[in-house]
Structures are given as C-alpha cells and as structure tokens.
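Morning, everyone. I have one model to walk through today. Please keep it on the screen while I talk.

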Amino acid sequence: MRARTRATLQDRIIALIHERRLAPGTLMPTEPQLMDLLGASRNSVREAIRALQALGIVEIRHGFGTFVGHAPLDVLTPSLTFRVRTRPGHGVRALHDLVAVREILETSLIGSVALDVSEARLAALDALVTAMARDKEADRAFHSLLYESCNNELVLQLIGLFWDVYHEVEPALGPPEDRASDIVANHRRIVEALRNRDGSGAQEAMRLHFRDVKARIARAERWLAEAGQQPA
C-alpha cells in the first residue's frame, strides 16, 4: 500500500510540472511548498523526488534546489541491461531481440541519410571507421553521427541506449572474438554507399552489418544448446 502511495505522489509531482509548464532546467517548488501543494509529509515528498531523480525527471543540485530534468533515456540502461541479462540462456535470446529492434530502426533511417550527407560528415565517418580497429567507442560515435542530420533527439538516445546495453551484455556471447577487420569492413561499406548517395545500398550495407552481429549471437545460442543451457 505504501509503494502505491509513493507512485501516486510521483505522478502528482509530474502532473504539477506539466500543469505549470515547467521546462527542463526550471527550478521546482521547494520541499515545503510541495508538501503544502500535495498534502504530503516531508518523508513522502523526499522519497518521491529521489525516485524521480533516478528517472532523470528531476535534478537535485545541492545548495541550489531541485530542477526539472531532461529525462535522458540512458537512465534506462541499468534496467534494460538487467532485463536482458536475467532472461534464459544468460540473456542471449533477449540480446538477439534487442539487436533486431535496433536493426529495424537504423535500416529505416539510413536511406534518408544518404540523400543529404555532407562531405564533412563523410570525412568524419571515415575517421571513426579507421579508429574502430583500436577503439570500440568509435563504433558508438559512428552510429550517433550517422543520424545527427535527422534532427531527432529520441532516435539518437535510443541508438545510444541499445548500443550501451548490447556491449554491457556482450560477455554473455562467450570469449571476445578478433573481429576488428570485419567491423571496419562492415562500416566502410556503409560509408561508401552514403558517398555514392545510394540509399538502398546503404540500407543493404546496414543489414549486412547487423547480419554479422546476429551471426555471432547465433553462434552463442548454438554453444548454449550444446551445453544444455538453450533459452526457452
């Protein structure tokens, strides 16, 4: 019953933010004001604020107050990672599903990117592909840079979220493989298709990239099956 009360109070604080049209970065009402406005105790208000802070909905700046947050999607990384890892077979099947969702998202966007990609962006993508041989973070930066021109913050955050979760759970796929040359080649094909303004070619190159990722997951699934740990 108590947990339900806290959840309701969180909803009421969120409703208050919307009712007052408080933009991200705006100072929230003080704790005593929230107590009066919501008819809640100090402890209940504090617990609700802490819960909203964990979601990025509010931001506590010690010495300054509580502000409306930006609710970035990366706050979901721990819970999504937990969800994947706790599925049968060490989360390998759930990881396959996550990659499939990301593939749908990226292949549907890459065609439009090819229509107006600039030479400066192509050069930056080339540099990131070269860096992938020694720095896996270059892979994350590559996929973010691809879609900056879409002017869709949600897309960028989702792609970053999926990338982070995949690499958190990747050890479940078994010992690391020396795939640097394959990774570079896959991404190089994507850049070349973009350079040729070939939307369908870019989509196919992206599918080949994800086909390689899914093949590694399939190998892990076969290993689990042989070990008697196949996901249900």
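Ala 141 is partly exposed, with a relative accessible area of 33%. It lies in helix H7. Now look across to Leu 128. Ala 141 and Leu 128 are 13 residues apart in sequence, yet 7.4 Å apart in space, C-alpha to C-alpha.

Before going on, a word on confidence. This is a predicted model. The protein chain averages a pLDDT of 89, and 92% of the residues score at least 70. Residues 1-6 are another matter: there the pLDDT is below 50. That stretch has 2 contacts in the model beyond near neighbours in sequence.

Back to H7, residues 137-146. How many of the 10 residues of helix H7 are buried? It is 7, so the helix is largely enclosed by the rest of the structure. The buried ones are Ala 138, Asp 139, Phe 142, His 143, Ser 144, Leu 145 and Leu 146. What covers them? The cover includes helix H5 (92-116), helix H6 (119-131), helix H8 (153-169), helix H9 (180-195) and helix H10 (199-226).

Take Phe 142 from that list. Leaving aside neighbours within four places in sequence, Phe 142 is in contact with Leu 125, Leu 128, Val 129, Met 132, His 187, Ile 190 and Val 191.

His 187 is found in helix H9. Is His 187 buried or exposed? Buried: the relative accessible area of His 187 is 0%, and the cut-off for buried is under 20%. Not counting residues up to four places away in sequence, His 187 touches Val 129, Met 132, Asp 139, Phe 142, His 143 and His 209.

Next, the packing of H6 against H9. Their axes come within 9 Å and cross at roughly 170 degrees. Anything over 145 degrees counts as roughly antiparallel, so that is how H6 runs relative to H9. Which residues make the contact? From H6, they are Leu 122, Leu 125, Asp 126, Val 129 and Thr 130. From H9, they are Val 184, His 187, Arg 188, Val 191, Leu 194 and Arg 195. By class, this contact of H6 with H9 has 6 nonpolar, 2 polar and 3 charged residues.

Now the cores. In soluble globular proteins, nonpolar side chains tend to be buried together. Here the largest nonpolar core has 44 residues. Which of them touch the most other members? Ile 110, Phe 142, Leu 146, Tyr 147, Tyr 166, Leu 194 and Ile 217. The elements giving two or more residues to this core are H5, H6, H7, H8, H9 and H10. H5 gives the most, with 10 residues. Apart from this core lies another, of 16 residues, with Ile 17, Met 28, Leu 52 and Val 68 among them.

Last item: backbone angles. Most residues other than glycine have a negative phi. Ala 71 has a positive phi of about 50 degrees. Find Ala 71 in the loop between strand E2 (65-68) and helix H4 (77-85). Ala 71 is partly exposed, with a relative accessible area of 35%. Asn 151 also has a positive phi, near 50 degrees. Its place is the loop between H7 and H8. Asn 151 is exposed, with a relative accessible area of 73%.

That is my tour. Over to you.

How values were computed
Residues numbered from 1 in each chain as written. Predicted model: local features only at pLDDT ≥ 70, side-chain atom pairs only at ≥ 80, totals over all residues. Heavy atoms only, no water. Buried < 20%, exposed > 50% of the residue type's maximum accessible area, 1.4 Å probe, protein only. Helix = DSSP H or I, 4+ residues; strand = E, 2+ residues; numbered from the N terminus. Contact = heavy atoms within 4.5 Å. pLDDT = per-residue confidence, 0-100. Core = buried A, V, L, I, M, F, W, Y, C linked by side-chain atoms within 4.5 Å. Axes fitted to C-alpha atoms, helices over the stretch in contact; angles between N-to-C directions. Parallel < 35°, antiparallel > 145°, perpendicular 65-115°, else oblique. Nonpolar A, V, L, I, M, F, W, Y, C, P; charged D, E, K, R; others polar.
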